[in-house]
Amino acid sequence: QAQVVESGGDSVQTGGSLRLSCVYSGLPGSRYCMSWFRQAPGKEREGVAVIFSGGSESYVADSVKGRFTISQDNAKNALYLQMNSLKVEDTAMYYCALRIAYAGNCARWAAPSMYTYWGQGTQVTVSS
């Protein structure tokens with residue numbers, strides 16, 4: 001049975017840092033598109049960053065470029081999001097999402113509908 005569990009969310013002040021973790025298990029296949037999404041109250045779910053499990057290729061959204069870094073540890077079945085220079089507008093529930101990379105790429109990575117496996121979310125709150 002597939003499981004995806006996020007952790008690391010917290011309340012921090014503007015300019016602070018957090019590291020989110022996601023541990024997954026029981027997924028079929030061996031190559032995945034692994035992404036972080038976020039959703040603030042009243043807003044649509046937004047793709048933040050993606051990494052392909054079969055390599056080091058990764059992308060981050062323009063809104064977090066230069067501040068957030070996505071990484072993985074395949075030996076631990078883990079995905080991470082290092083968030084630096086946090087802003088009030090980064091406040092949201094952050095979700096880890098995975099899908100099998102059948103074509104060996106992560107096309108349309110920022111579309112939530114493309115993902116099969118989701119965690120329950122971890123809350124990040126940034127205050128000024």
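User: How many bridges join strand 3 to strand 8?

Analyst: This is a predicted model, by the way. Strand 3 covers residues 18–25 and strand 8 covers residues 78–83, and the two run antiparallel. Inside that pairing, Val23 stands opposite Ala78. The number of bridges joining the two strands is six.

User: Okay, so what is the strand order in the open sheet?

Analyst: The sheet has four strands with antiparallel pairing. Strand 1 (3–7) and strand 7 (68–73) sit at the edges, each pairing on one side only. Neighbouring strands are turned by 15° against each other on average, direction ignored. Read across the sheet, the order is 1-3-8-7.

User: Is Asp90 buried or exposed?

Analyst: Look in the loop between strand 8 and strand 9 (92–100), where Asp90 has its place. Leaving out residues up to four places away in sequence, Asp90 touches Arg38, Val64, Arg67, Phe68, Ser85, Val124 and Val126. Its relative accessible area is 0%, and the cut-off for that class is under 20%. So Asp90 is buried.

User: What is the phi of Asn77, roughly?

Analyst: Find Asn77 in the loop between strand 7 and strand 8. Asn77 counts as partly exposed, at 32% relative accessibility. Asn77 is not a glycine, yet its phi is positive, at about 50°.

User: And Arg108: buried or exposed?

Analyst: Arg108 is in the loop between strand 9 and strand 10 (117–118). Arg108 also has a positive phi, near 50°, without being a glycine. Its relative accessible area is 57%, and anything over 50% gets the label we want. That makes Arg108 exposed.

Definitions and conventions. Residues numbered from 1 in each chain as written. Predicted model: local features only at pLDDT ≥ 70, side-chain atom pairs only at ≥ 80, totals over all residues. Heavy atoms only, no water. Pairing = 2+ DSSP bridges. Axes fitted to C-alpha atoms, helices over the stretch in contact; angles between N-to-C directions. Buried < 20%, exposed > 50% of the residue type's maximum accessible area, 1.4 Å probe, protein only. Contact = heavy atoms within 4.5 Å.
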